[in-house]
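Dear colleague,

Please find below the structure that I am handing over to you, together with its sequence. My findings follow after it.

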Amino acid sequence: MRYCLTNRWLCLAISIALSGPANSGEIAPLNSFNQSPLVQIHGLPSIGSARVLKEHNGDFSLDLKIANNFTSAANPNEEFVLDGETHRLTLATRLGLANGYECGFELPYLSHSGGSFDNAIERWHNAFGLPDGDRPDSPHNLINYRYTRAGVDLVRVTQSTSGGGDVRITGAMQLSNVPAGRDMALRGSLKLPTGDSAGLHGSGSTDLALWLSTAAQSRVGESWNGYGGGGVLYMNKSDVMPDQQRRLVAFGSIGLGLPLVPSLTAIAQLDAHSPFYGGSEFRQLSGYAVQGLLGLSWEFMPKKHVVASFSEDLVVNTSPDVVFNLSLTLPF
């Protein structure tokens, strides 16, 4: 009986996806950036759409990221541990303005805790032969975010904490918009120090990011869409490891989207950035980061999207082991 009922729900879900509206034409990049506790406090952005919203058009989005962290390293002068789970819930809105401009803001809420996904992550790594480090030998579902240098704790979060993060103000300008061709937008964001830096809810600094976002549609049957973007992030002096913080970081993303059915699109994406910190032998602080993402975007009504994705650290120990992303976007 349960088997039959499950099959009916599965068939219903497939029928809804197959009978849904045709895709509106744009495949937006996955909303993703490095969720390492020591990186997400800064103003690293997702590259966003290459299409600026039209005048008087707007949207709201609710985005949840669950990042499971486990990495450690030690030498005679340094000790580094990131063991825990970070949840980031962001409410964002955008509004199209006249002459190809756009404005918006992002309001995040963060929670650092021991989490509950350690066992599931270990099973995932074992199933696909992915590196597990010292996970099996460490206590599960505990939080320990700590960096010690010369016997001094520069970062120490060992108890669950939650609160508002750093607010971001966003803007964009359309540079080109060619139907069934190439779109390009100049985007920017200003991160304000509204979150508590001691709890790793913010950095205590004001950060400015500028980048280009571009997208191109396939010329062969219009079956896929490619996109990419990149730019620079400038940060003033933060409260978190200020003597090792780098002021300038380069970042970029590239991806492909392939429509599976009229309302369902598969997306693959790579994110990368240069180091946020220096003065350390540890890759976790001084290494270049690359993440790989796979996701599905469901346009259940015109311009209304649900997107689910997950990411893996392709350069091990420079970003969380696994990040689960779920977002809902609604126009107004």
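Two strands are said to pair if DSSP finds at least two bridges between them. In this predicted model, strand β4 (residues 144-149) and strand β5 (residues 152-157) are joined by 5 bridges and run antiparallel. One of the residues involved is R149, whose bridge partner in β5 is V152. The two strands β4 and β5 form a hairpin with 2 residues between them. In that turn, A150 has a positive phi of about 50°.

As for the chain as a whole, there are 3 helices and 15 strands. The chain has 332 residues, of which 47% count as buried. Among contacts between residues at least 6 apart in sequence, 65% join residues at least 24 apart.

I would also draw your attention to G165, which is placed in the loop between β6 (161-164) and β7 (168-177). Is G165 buried or exposed? Its relative accessible area is 4%; a residue counts as buried when this value is under 20%, and therefore G165 is buried. Leaving aside residues up to four places away in sequence, G165 touches P108, Y109, L110, T194, G195 and H201.

With kind regards

Notes: Residues are numbered from 1 along each chain as its sequence is written. This is a predicted model: local features need pLDDT of at least 70, side-chain atom pairs count only at pLDDT 80 or more; totals for chains, interfaces and linings use all residues. Side-chain values use heavy atoms; hydrogens and water are left out. Helices (H or I, at least four residues) and strands (E, at least two) are DSSP runs, numbered from the N terminus. Buried means under 20% relative accessible area, exposed over 50%, partly exposed in between (1.4 Å probe, protein chains only). Contact means heavy atoms within 4.5 Å.
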